[in-house]
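Here is a friendly walk through one protein chain, with the sequence and coordinates alongside. Please keep the viewer open while you read.

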Amino acid sequence: MSLIRIVQSVGLSGFNSLTDVEAVQTVLNILQRLISLTQALICVLLLAVSHIAFASECLNIKVTKPIKIDDKTGLLQSLKFEQVKLLHKDKSGICLPTRDTYILSFSEGIPFITTRLKGHTPEITLLEKDKNYYALIKFYAGNKLQVLKGYQVINSELYALPNFTLSSNVSNISIDEGVISVKNTKLVEEHSIDSVTLYNFDLSGVSVKH
């Protein structure tokens, strides 16, 4: 029941003049407008909160598959890596994972992002060479393109090495006894020709093995 109906049900005998009645009616109208405005503001606030909630759900970090790791150093006794993807909302409102993959490392059990890859399905090879520890990370960047990036491992951190990005257009990169093998295919006069290049590496990057 509205405030106006309540007053009408009580009657006008308590008012001394028509002016008093009009004044009360004016006050009631103002109160009713305020109530309507408050209800509208509450609806807007609830709508905003619901959108923020949906957005926050979409921005949660989602842990995906564990990373395949080939440890030739024994570092995994003290190191741990995971891969994660961020979620985003597309134009239709569906939450989807981003194309980028983030590598998590852990320090005293606390995770942190140690590197970002422009692709998916990473594999890590841990190596020791000349008393330095390396993490060589292979991942897929679209179609059959496989990429290899090199990092120096210091404590639980990965530091990207300069001049250390290799790629294979047939998804064929291998690492054997500290030597990197990269296979590519190119089309020459309508014939496919395969080539395999061997690389050495150190803290300065990669170099072709002669």
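## The chain as a whole

Before anything else, please note that this is a predicted model. The protein chain has 2 helices and 14 strands. Of its 210 residues, 27% are buried.

The chain exposes about 14,100 Å², and carbon and sulfur atoms supply 57% of that area. If you look at contacts with a separation of 6 or more, residues 24 or more positions apart account for 34% of them.

Which residues touch the most other members of the largest nonpolar core? That core has 15 residues, and the ones in question are Phe 81, Ile 124, Leu 126, Ala 135, Ile 137, Val 153 and Leu 158. Strand 7 (120-129), strand 8 and strand 9 are the elements that give two or more residues to this core. As general background, nonpolar side chains in soluble globular proteins tend to be buried together.

Setting aside neighbours within four places in sequence, Val 153 is in contact with Leu 75, Leu 79, Leu 126, Tyr 133, Tyr 134, Ala 135 and Leu 158. There is also a second, separate core of 14 residues, and its members include Leu 148, Leu 166, Val 182 and Val 206.

Thr 125 is found in strand 7. Is Thr 125 buried or exposed? Its relative accessibility is 10%, so Thr 125 counts as buried. Beyond residues up to four places away in sequence, Thr 125 touches Asp 70, Lys 72, Tyr 134, Ala 135, Leu 136 and Ile 175. The C-alpha atoms of Thr 125 and Ile 137 are separated by 6.5 Å, while the two residues are 12 apart along the chain.

Lys 138 sits in strand 8. Why does Lys 138 count as buried? Its relative accessible area is 15%, and the cut-off for buried is under 20%. A polar atom of the Lys 138 side chain lies 2.9 Å from the backbone oxygen of Ile 173.

Strand 11 (residues 173-176) pairs with strand 12 (residues 179-188) in the antiparallel sense, over 4 bridges.

Within it, Lys 183 stands opposite Val 196 in strand 13. Strand 12 and strand 13 form a hairpin with 2 residues between them, where Glu 189 in the turn has a positive phi of about 50 degrees.

## Strand 3 and its partners

Strand 3 (residues 81-89) runs antiparallel to strand 5 (residues 101-107), with 4 bridges joining the two. Gln 83 stands opposite Ile 103 in strand 5.

Strand 3 also pairs with strand 4 (residues 95-97) in the antiparallel sense, over 3 bridges. Here Leu 87 stands opposite Pro 97 in strand 4. In the hairpin of strand 3 and strand 4, with 5 residues between the strands, Gly 93 takes a positive phi near 90 degrees.

## Two asparagines with positive phi

Where does Asn 143 lie? Asn 143 is in the loop between strand 8 (132-140) and strand 9 (146-154). Its phi is near 50 degrees, a positive value in a residue other than glycine. Asn 143 is exposed, with a relative accessible area of 83%.

Asn 163 has a positive phi of about 50 degrees too, although it is not a glycine. Asn 163 is found in strand 10 (residues 157-168). With a relative accessible area of 56%, Asn 163 is exposed, the cut-off being over 50%.

Definitions and conventions:
Residues numbered from 1 in each chain as written. Predicted model: local features only at pLDDT ≥ 70, side-chain atom pairs only at ≥ 80, totals over all residues. Heavy atoms only, no water. Buried < 20%, exposed > 50% of the residue type's maximum accessible area, 1.4 Å probe, protein only. Core = buried A, V, L, I, M, F, W, Y, C linked by side-chain atoms within 4.5 Å. Contact = heavy atoms within 4.5 Å. Areas by Shrake-Rupley, 256 points an atom, 1.4 Å probe, with all protein chains shown as cover. Polar contact = N/O pair within 3.5 Å; in protein donor to acceptor, adjacent residues only side chain to side chain. Pairing = 2+ DSSP bridges.
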